[in-house]
Amino acid sequence: MFDLIIASFEVVYIQDFLYRPIEKLSTANNHWNPKIIENKEPLIKVQFEPKRLYIKPIYFEQEIPSSIKFIYLREGVYRRLKQALAMLPEQYSFILYDGYRPFQVQQSLFEMFSQSIKYKQPHLTKDEVLKETLKYVAFPSIEPTRTSPHVTGGAIDLTLGDCDGNALDLGTYFDEMSVKSATRYFEDHPMDNEVALINRRILYNCMTAVGFSNYSEEWWHYDFGNLSWARRVKLENVQYGPVLADLQNNDIKEFRYV
């Protein structure tokens with residue numbers, strides 16, 4: 001009876017923790033330039049886990065040039081993802097859309113988003129198009145002071161799903177260029193979508209509890225160990241620098257640290 005009571009308290013505690021409102025998010029200070037000390041952790045292929053962890057390499061499915069058909073993460077990022085998954089109630093799953101992103105894919109996505117913004121908002125100046133594009137996709141770079149997050153293997157895009165791998169309602173589609181994609185949007189507009197509000201809280205609290213930081217403009221994007229992460233948490237060193245990959249048959253043939 002005592003163990004049952006303790007177990008009940010643990011369930012309540014975990015649920016309360018996951019439902020906690022999303023705090024005001026730190027933005028990356030681009031004037032803060034941590035030093036990259038590459039720890040050479042390998043890229044690990046993420047494995048599907050029935051009812052818990054689903055793999056949906058969305059850019060491969062969208063046939064983006066040079067996209068890969070598997071999802072890779074740095075070893076430490078994968079380990080933290082599994083820790084976050086352990087906190088997730090059994091009726092939920094994670095659906096992974098993207099992890100390590102070859103530099104070639106970053107270039108293709110940046111151009112695609114930029115062209116889309118130009119088409120939808122033809123009144124914008126060149127500088128305004130660039131600024132708007134940078135809200136949704138990082139500039140393709142391997143420079144130490146502006147390394148693209150996904151190129152390091154230290155960034156992950158994901159959502160919540162049910163046990164069958166069906167995506168739950170988080171308020172927008174993945175990669176949607178909308179003000180509603182901002183992580184805290186429903187904290188400020190709770191009556192717009194109460195289901196999405198709760199689901200975003202669950203995802204956010206699971207991921208940040210194990211050390212990830214969130215990009216405030218995208219509820220689906222989380223970082224650990226890369227430049228963007230260090231700029232948000234104000235650390236002087238970064239363990240994940242850029243990784244360049246040689247590709248074959250939409251997979252990584254070999255990779256090297258820059």
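Leu 130 is found in helix α5, which spans residues 126–136; helices here are DSSP runs of H or I with at least four residues, strands are runs of E with at least two, and both are numbered from the N terminus. The model is a predicted one, in which local features need pLDDT of at least 70 and side-chain atom pairs count only at pLDDT 80 or more, whereas totals for chains, interfaces and linings use all residues. Residues are numbered from 1 along each chain as its sequence is written, and side-chain values use heavy atoms, with hydrogens and water left out.

Leu 130 counts as partly exposed because its relative accessibility is 37%; buried means under 20% relative accessible area, exposed means over 50%, and partly exposed lies in between (1.4 Å probe, protein chains only). Together with Leu 134 and Phe 139, Leu 130 forms a nonpolar patch on the surface, with about 230 Å² of accessible area in total. Such patches are made of residues with over 30% relative accessible area and no salt bridge, where nonpolar side chains (Val, Leu, Ile, Met, Phe, Trp, Tyr) are joined within 5 Å and like charges within 9 Å. A salt bridge is a side-chain nitrogen of Lys or Arg within 4 Å of a carboxyl oxygen of Asp or Glu, and the areas come from the Shrake-Rupley method with a 1.4 Å probe, only the protein chains shown counting as cover for residues.

The loop between α5 and β6 contains Thr 147, which is buried because its relative accessible area is 7%. A polar atom of the Thr 147 side chain lies 2.6 Å from the backbone oxygen of Glu 143. A polar contact is a pair of N or O atoms within 3.5 Å; within protein, one must be able to donate a hydrogen and the other to accept it, and residues adjacent in sequence count only if both atoms are side-chain atoms.

Five strands form an open sheet in the order β3-β5-β6-β8-β7, with mixed pairing. The edge strands are β3 and β7 (213–214), each of which pairs on one side only. Two strands pair if DSSP finds at least two bridges between them.

Strand β6 (residues 155–161) is mostly covered, with seven of its seven residues buried. On one side these are Ala 155, Asp 157, Thr 159 and Gly 161, and on the other Ile 156, Leu 158 and Leu 160. Strand β5 (residues 93–98) runs antiparallel to β6 and is joined to it by five bridges; Ile 95 stands opposite Thr 159 in β6. Strand β8 (residues 221–223) also pairs with β6 in the antiparallel sense, over three bridges, and Asp 157 stands opposite His 221 in β8. Two bridges join β7 to β8 in an antiparallel arrangement, with Asn 214 opposite Tyr 222.

Helix α7 (residues 194–209) has 16 residues and should span 22 Å at 1.5 Å a residue, which agrees with the 23 Å between its end C-alpha atoms; the expected span is 1.5 Å times one less than the number of residues. Asn 193 caps the N-terminal end of α7, a side-chain oxygen lying 3.3 Å from the backbone nitrogen of Val 195. The buried residues of α7 include Leu 197, Arg 200, Ile 202 and Tyr 204. Just after α7, Gly 211 takes a positive phi of about 110°.
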